[in-house]
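Reader: Hi! Could you walk me through this one while I have it open on my screen?
Author: Gladly, let's bring it up.
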2 protein chains.
Amino acid sequence: MDKRTKLMHTAKRLFSEHGFYGTATARIAKEAGVSNGILFHYFPTKDDLIKAMYFDIKDRIFHYSLGQVYKGATLKESIYTLWLAAVEWNLENPEDFDFMLQFENSPYYSVEIEKSHKYVQMSVELAEKGIEQNVFKHLTPLLLFQLMSSLVDTTVKFLRINPELQTDIEYKNRLFEIAWDAIKK
Amino acid sequence: MDKRTKLMHTAKRLFSEHGFYGTATARIAKEAGVSNGILFHYFPTKDDLIKAMYFDIKDRIFHYSLGQVYKGATLKESIYTLWLAAVEWNLENPEDFDFMLQFENSPYYSVEIEKSHKYVQMSVELAEKGIEQNVFKHLTPLLLFQLMSSLVDTTVKFLRINPELQTDIEYKNRLFEIAWDAIKK
DNA sequence: TTTAAAACCGACTGATTAGTCAATCTCTCG
DNA sequence: CGAGAGATTGACTAATCAGTCGGTTTTAAA
């Protein structure tokens with residue numbers, strides 16, 4: 001693993017545990033087993049590191065989710081697949097999840113940053129389709145996406161403190177129905 | 001206004017704008033027009049200040065919301081009233097809203113802290129009632145509350161970037177239906 | 001009026017921080 | 001091989017930070 005990646009791994013762990021505030025750059029470098037200088041070689045400022053991590057995580061969840069949806073699926077099937085992919089990915093990557101929550105609710109974040117990512121763009125297109133087909137409530141597509149996202153987040157938080165339900169696919173289906181009922185007409 | 005309150009007001013403004021990380025205690029004291037020492041007289045550590053602010057905000061939204069629900073209301077009416085009260089309070093107090101989002105998604109936060117507040121306890125009781133009456137989905141009451149909360153947050157974020165909709169009560173009712181559909185059986 | 005506690009001040013400090021820099025090493029490719 | 005670019009080091013610094021402290025003022029009750 002190259003040092004840039006090592007740094008991001010360590011930073012993710014420390015940020016999710018101690019927050020942006022509680023994590024010194026020197027500590028990140030030290031625990032990553034690299035020199036202090038190399039951190040600033042790859043990420044000119046601490047903020048750059050934080051933002052780079054955000055885009056990296058979004059990229060990975062995007063590719064993970066996209067690989068799951070298949071062409072012939074109905075709209076509900078596609079939404080279900082994406083919902084489940086997001087839930088499971090976040091459960092399997094708790095540090096990424098915590099990092100994202102912190103980032104998206106910090107002053108770093110803005111709607112512009114959100115909209116700039118392919119993952120969001122693709123989801124919004126799907127929402128538009130659902131509205132056209134009269135399957136979804138007639139609301140702004142971006143809002144529908146944000147609603148789904150926040151329900152995913154809440155679901156993940158819930159399953160994290162109830163790990164015995166994580167393997168119960170029947171229960172997960174019921175949790176999906178919450179999200180589906182929220183957006184469907 | 002006493003200095004303790006002044007400090008909390010200023011801290012709220014600075015935290016919501018620059019984050020916990022980006023706000024120095026000295027700056028809070030200076031902009032509040034009080035001495036540095038008095039901050040640590042009232043709040044022994046910066047963390048104490050942050051936590052005190054959290055409980056203060058929860059208290060205020062609790063009293064605001066509770067004043068709105070009336071005795072004879074049906075379950076749906078009560079939920080609607082609480083939903084609307086939360087949405088409007090957050091829209092009218094954007095700094096409190098931003099602060100809460102940051103706090104609740106930071107390492108400061110835990111389920112224990114959440115459950116410790118009356119506002120949550122009362123909401124959970126309402127959720128229990130709805131489940132018993134077979135009006136709500138049969139899920140953990142706390143989960144139902146958390147779902148509602150996150151939908152309120154998403155709604156507030158949405159209305160903030162679409163201010164022209166904030167006075168449209170018809171539109172707000174449609175937004176409420178999202179939340180209602182999510183939890184109702 | 002006395003007294004004690006609480007409120008208040010702001011200069012100060014020791015620790016910590018993000019970021020720099022001059023030097024060395026490693027890799028790649030002509 | 002040789003040369004240039006990128007990778008890497010870690011000691012260093014200037015700034016900043018949370019929190020302290022010795023002393024003064026205000027408050028309120030006795």
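Reader: Which helices each supply at least two residues of the surface near DNA strand D?
Author: They are α3 of chain A, together with α2 (25-32) and α3 of chain B. Helices and strands here are DSSP runs numbered from the N terminus, H or I of at least four residues for helices and E of at least two for strands. A residue is near a strand if its C-beta atom, placed from the backbone, lies within 6 Å of it.
Reader: Before we go on, what should I keep in mind about the model and the labels?
Author: This is a predicted model, where local features need pLDDT of at least 70 and side-chain atom pairs count only at pLDDT 80 or more, while totals for chains, interfaces and linings use all residues. Residues are numbered from 1 along each chain as its sequence is written, and chains are lettered from A and ligands numbered from 1 in the order in which they are written.
Reader: Thanks! Back to DNA strand D: how many residues surround it, and which are the closest?
Author: There are 15 around DNA strand D, and the closest are A:Ser35, A:Gly37, B:Ala24, B:Thr25 and B:Gly37. The biggest contributor to that surface is α3(A), which gives the most with 4 residues. By class you get 5 nonpolar, 8 polar and 2 charged. Ala, Val, Leu, Ile, Met, Phe, Trp, Tyr, Cys and Pro count as nonpolar, Asp, Glu, Lys and Arg as charged, and the others, Gly among them, as polar.
Reader: And what surrounds DNA strand C?
Author: 15 residues do, with A:Ala24, A:Gly37, A:Lys46, B:Ser35 and B:Gly37 the closest. At least two residues each come from α2 (25-32) and α3 (36-42) of chain A and from α3 (36-42) of chain B. Here α3(B) gives the most, 4 residues.
Reader: Nice. How are chains A and B related?
Author: A rotation of 180° with 0.0 Å of shift along its axis puts chain A on chain B, at an RMSD of 0.1 Å.
Reader: How many residues of each chain are in contact?
Author: 24 residues of chain A are in contact with 24 of chain B, where contact puts the C-beta atoms, placed from the backbone, within 7 Å of each other. On chain A's side, α1 (3-18), α6 (94-104), α9 (141-161) and α10 (169-183) each bring at least two residues. The largest share, 9 residues, is from α9(A). That side of chain A has 12 nonpolar, 8 polar and 4 charged residues.
Reader: Changing topic, how many helices and strands are in chain A?
Author: Chain A has 10 helices and 0 strands. Of its 185 residues, 31% count as buried. Buried takes 20 or more other C-beta atoms within 10 Å of the residue's own, exposed 12 or fewer, and partly exposed is in between, with C-beta atoms placed from the backbone.
Reader: Let's zoom in on α5 (residues 75-92) of chain B. Which of its residues are buried?
Author: B:Ile79, B:Leu82, B:Trp83, B:Ala86, B:Val87 and B:Asn90. They fall within an arc of 130° seen down the axis, so they line one face of α5(B); the arc is that of the directions from the helix axis to the C-beta atoms. An α-helix has 3.6 residues a turn, so residues three or four places apart point the same way.
Reader: What covers that buried side, and what sits on the face turned away from it?
Author: The cover includes α4 (46-66), α6 (94-104), α9 (141-161) and α10 (169-183) of chain B. The opposite face carries the exposed B:Glu77 and B:Glu92.
Reader: And α8(B), which residues are buried there?
Author: B:Tyr119, B:Ser123, B:Leu126, B:Ala127 and B:Gly130. They cover an arc of only 100°, which puts them on the same side of α8(B). Turned away from them are the exposed B:Lys118, B:Glu125 and B:Glu132, and the cover over the buried residues includes α4, α5 and α9 of chain B. Just after this helix, B:Asn134 takes a positive phi of about 65°.
Reader: Last one: is B:Lys30 buried or partly exposed?
Author: B:Lys30 is partly exposed, because it has 14 C-beta neighbours inside 10 Å. Its place is in helix α2 of chain B.

Terms used. Two residues are in contact if their C-beta atoms, placed from the backbone, lie within 7 Å. Copies are superposed by least squares on the C-alpha atoms of residues with pLDDT of at least 70 in both.
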